[in-house]
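Please examine the sequence and the structure shown below. The paragraphs that follow lead through helix packing, selected residues, the surroundings of the ligand and the overall dimensions.

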Amino acid sequence: MSCQTPIIVALDFPSRDAALDLAARLDPALCRVKVGKELFTRCGPAIVETLQAQGFEVFLDLKFHDIPNTTAMAVKAAAELGVWMVNVHCSGGLRMMAACRETLDTLNGPKPLLIGVTVLTSMERSDLAGIGLDVEPQAQVLRLAGLAAEAGLDGLVCSAQEAPALKAVQPQLQLVTPGIRPAGSAQDDQRRILTPRQALDVGSDYLVIGRPISQAADPAAALAAVVAELRG
Ligand SMILES: O=c1ccn([C@@H]2O[C@H](COP(=O)(O)O)[C@@H](O)[C@H]2O)c(=O)[nH]1
């Protein structure tokens with residue numbers, strides 16, 4: 001049965017043991033898990049298969065960004081691994097995203113949600129200026145969202161701060177929002193943040209939460225607190 005929770009816990013760890021230690025403290029009925037670049041580069045597909053065997057649906061957060069054929073074949077490999085969600089950078093362009101969509105659509109069986117990364121939640125206006133984009137993050141997110149919608153993607157990675165504007169123009173896209181910080185927790189390197197409750201209230205579909213849970217003294221209690229905040 002598919003998990004009903006909006007919470008995705010980021011397993012950002014340097015080893016299999018550390019990731020599985022946290023997973024053992026989490027309940028697959030209360031959260032999904034995210035495998036990102038650090039853990040996947042250390043452990044490979046086996047860590048995904050292990051987490052799936054433990055009952056977790058896995059978001060493979062490798063943010064593919066390459067020419068259309070290479071990206072589409074990477075997405076196909078992720079689909080064949082049985083992940084629940086996979087993502088590509090929208091800045092790879094319309095043809096790249098469309099190639100991923102077309103490739104997934106040719107596959108038989110369950111397909112992962114195909115999600116486009118817009119503007120990283122660690123970035124603010126000055127970071128965009130540094131890469132030659134003289135624009136507010138939300139304007140760039142909306143531009144990339146239009147391309148993702150045209151390519152037939154299922155959703156976007158964005159900040160929850162952009163959710164109201166996105167839902168107004170692309171209500172069919174599911175919004176996956178990192179940069180979630182429970183009140184009182186450290187901002188770390190994130191810049192465009194909201195609390196779990198705020199994020200859900202403004203239209204986020206999925207909340208990606210890493211360090212506020214993974215680095216907590218009691219990760220299970222930290223997850224339970226987020227669950228309670230969302231129910232309250
Ligand atoms: O724009 C983005 C895209 C991905 N992420 C990832 O989400 C988690 C957030 O972790 P925290 O510890 O809660 O900051 C992390 O794995 C990032 O790679 C993101 O933060 N922003």
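Helix α4, residues 68–80, packs against helix α5, residues 94–106, at an angle of about 35°, and their axes are 8 Å apart. Helices here are DSSP runs of H or I with at least four residues, strands are runs of E with at least two, and both are numbered from the N terminus. The axes are lines fitted to C-alpha atoms, for helices over the stretch in contact, and the angles run from 0 to 180 degrees between N-to-C directions. The crossing of α4 and α5 is right-handed; a crossing has this hand if the near helix is turned clockwise from the far one by less than a right angle, and is left-handed if anticlockwise. On the α4 side, P68, N69, T71, A72, V75, K76 and A79 take part, and they meet R95, M96, A99, C100, T103 and L104 of α5. Two residues are in contact if their C-beta atoms, placed from the backbone, lie within 7 Å. Sorted by class, this contact of α4 with α5 holds eight nonpolar, three polar and two charged residues. Ala, Val, Leu, Ile, Met, Phe, Trp, Tyr, Cys and Pro count as nonpolar, Asp, Glu, Lys and Arg as charged, and the others, Gly among them, as polar.

The model is predicted: local features need pLDDT of at least 70, side-chain atom pairs count only at pLDDT 80 or more, and totals for chains, interfaces and linings use all residues. Residue numbers start from 1 along each chain as its sequence is written.

Helix α5 also packs with helix α7, residues 137–151, at an angle of about 35° and with the axes 8 Å apart. The crossing of α5 and α7 is right-handed. Here L94, M97, A98 and R101 of α5 meet L147, A148, E150 and A151 of α7. The residues of this contact comprise six nonpolar, no polar and two charged.

Strand β4 contains V88. V88 counts as buried because 29 C-beta neighbours lie inside 10 Å; the cut-off for buried is 20 or more other C-beta atoms within 10 Å of the residue's own, exposed means 12 or fewer, partly exposed lies in between, and C-beta atoms are placed from the backbone. Apart from neighbours within four places in sequence, V88 is in contact with K63, F64, H65, T71, V75, M96, M97, C100 and G116. Among these partners, T71 and V75 also belong to the α4 side of the contact with α5. V88 and I209 are 121 residues apart in sequence and 19 Å apart in space, C-alpha to C-alpha.

V83 occupies the loop between α4 and β4. V83 is buried, since 24 other C-beta atoms lie within 10 Å. Not counting residues up to four places away in sequence, V83 touches V48, V58, F59, L60, A78 and P112. From V83 to E229 there are 146 residues in sequence and 28 Å in space, C-alpha to C-alpha.

Backbone angles come next. Most residues other than glycine have a negative phi. K63, however, has a positive phi of about 45° although it is not a glycine. K63 belongs to strand β3, residues 58–64, and is partly exposed because it has 17 other C-beta atoms within 10 Å. D188 likewise has a positive phi, of about 55°, and is not a glycine. D188 lies in the loop between β7 and α9, and is partly exposed, with 14 other C-beta atoms within 10 Å.

Which residues come nearest to the ligand? Of the 15 residues around the ligand, these are A10, L120, P178, G210 and R211; a residue is near a molecule if its C-beta atom, placed from the backbone, lies within 6 Å of it. The shell around the ligand has seven nonpolar, five polar and three charged residues. A10 is also one of the residues touched by S214, together with V9, D12, L22 and P219, not counting residues up to four places away in sequence. S214 is found in helix α10, residues 211–214, and counts as buried, with 20 C-beta neighbours inside 10 Å.

Finally, the whole protein has eleven helices and eight strands. Its C-alpha trace spans about 45 × 40 × 30 Å along the principal axes. For 232 residues a compact globule would have a radius of gyration near 17 Å, and the protein agrees with its 17 Å; the radius is taken over C-alpha atoms, and the globule rule is 2.2 Å times the number of residues to the power 0.38. Buried residues make up 41% of the 232 residues.
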